[in-house]
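Please look over the sequence and the structure before reading on.

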Amino acid sequence: MLLAKTLSYYKRRDVQSAIIEQAQNKEIAIRFEDFFGKRPDILMYEDDILELAKKKATSFHCSEELWSNPLNLRSEIKKQEMDELRIGWDLILDIDCHHFIYSKLAAHYLVIILKDLGISSVTCKFSGNKGYHIAVPFEAFPEQINGIYTKTLFPEAPRKIAAYLKDKLKPVLEKGIMKV
């Protein structure tokens, strides 16, 4: 990617503001041309985004997990410590297919299924390649499930939710593909 194109995008205040909003309480993986930056890392200020882009940062990836302090993360941390640091997690569903129209259909029907299940706070965005990212914020989930704090159910709960949604999506998607 050309540096001028990257800079023209990341110097936009609306882009910087959106990234900072999404970065709250999250670990950030900063992608440079052919490597990722150090871990753990965070973003706090809009101006940092342009400065990192000037150093050839090409993209910013937010963690699904929400942390009381992402800078306290370390590779040797135990699950109990992670559960204490974790304040929640967002459900992120990554829809990718070699045939873009199938990704588009799957994302469309998945959003409908989530809304039919009573989840109104669903976002969907083009991933920049051949798919979509669908997100449900942690606030949409109950504080506890079967007496267990939902924040401690990562990654098991998102996996189970994704499997459930996949089962609900399959017959709907098969019908939708037949119409294409």
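Does Lys79 count as buried, partly exposed or exposed, and what is the relative accessibility behind that label? In this predicted model, Lys79 has a relative accessibility of 41% and counts as partly exposed, the cut-offs being under 20% for buried and over 50% for exposed.

- Asp83 forms a salt bridge with Lys79, in which the closest N and O atoms lie 3.2 Å apart, and the two residues, being four residues apart in helix α4 (residues 79–85), are separated by about one helical turn.
- Asp83 also meets the side chain of Arg86 in a salt bridge, with an N to O distance of 2.6 Å.
- Whereas Lys79 is partly exposed, Asp83 is buried at a relative accessible area of 14%, and Arg86 is likewise buried, with a relative accessibility of 2%.
- Together with Glu65, the residues Lys79, Asp83 and Arg86 are linked in a network of salt bridges.

**The pair Glu27 and Arg39**

- Across the whole structure, a search finds twelve salt bridges, one of which joins Glu27 to Arg39, with the closest N and O atoms 2.6 Å apart.
- Because Glu27 lies in the loop between α2 (13–23) and β1 (28–32), while Arg39 lies in the loop between β1 and α3 (46–54), the pair ties together parts that are twelve residues apart in sequence.

- Three strands, in the order β5-β7-β6, form an open sheet whose pairing is antiparallel.
- Strands β5 (91–96) and β6 (123–126) stand at the edges and have a single partner strand each, so one side of each is left without a neighbour in the sheet.
- From one strand to the next, the twist averages 20°.
- The antiparallel pairing of β5 with β7 (residues 131–136) runs over six bridges, and within it Ile92 has Ala135 of β7 as its bridge partner.
- Helix α5 (residues 100–116) packs on this sheet and touches β5, β6 and β7, while its direction makes about 15° with that of β7.

Notes
Residues numbered from 1 in each chain as written. Predicted model: local features only at pLDDT ≥ 70, side-chain atom pairs only at ≥ 80, totals over all residues. Heavy atoms only, no water. Pairing = 2+ DSSP bridges. Axes fitted to C-alpha atoms, helices over the stretch in contact; angles between N-to-C directions. Contact = heavy atoms within 4.5 Å. Salt bridge = Lys/Arg side-chain N within 4 Å of Asp/Glu carboxyl O. Buried < 20%, exposed > 50% of the residue type's maximum accessible area, 1.4 Å probe, protein only.
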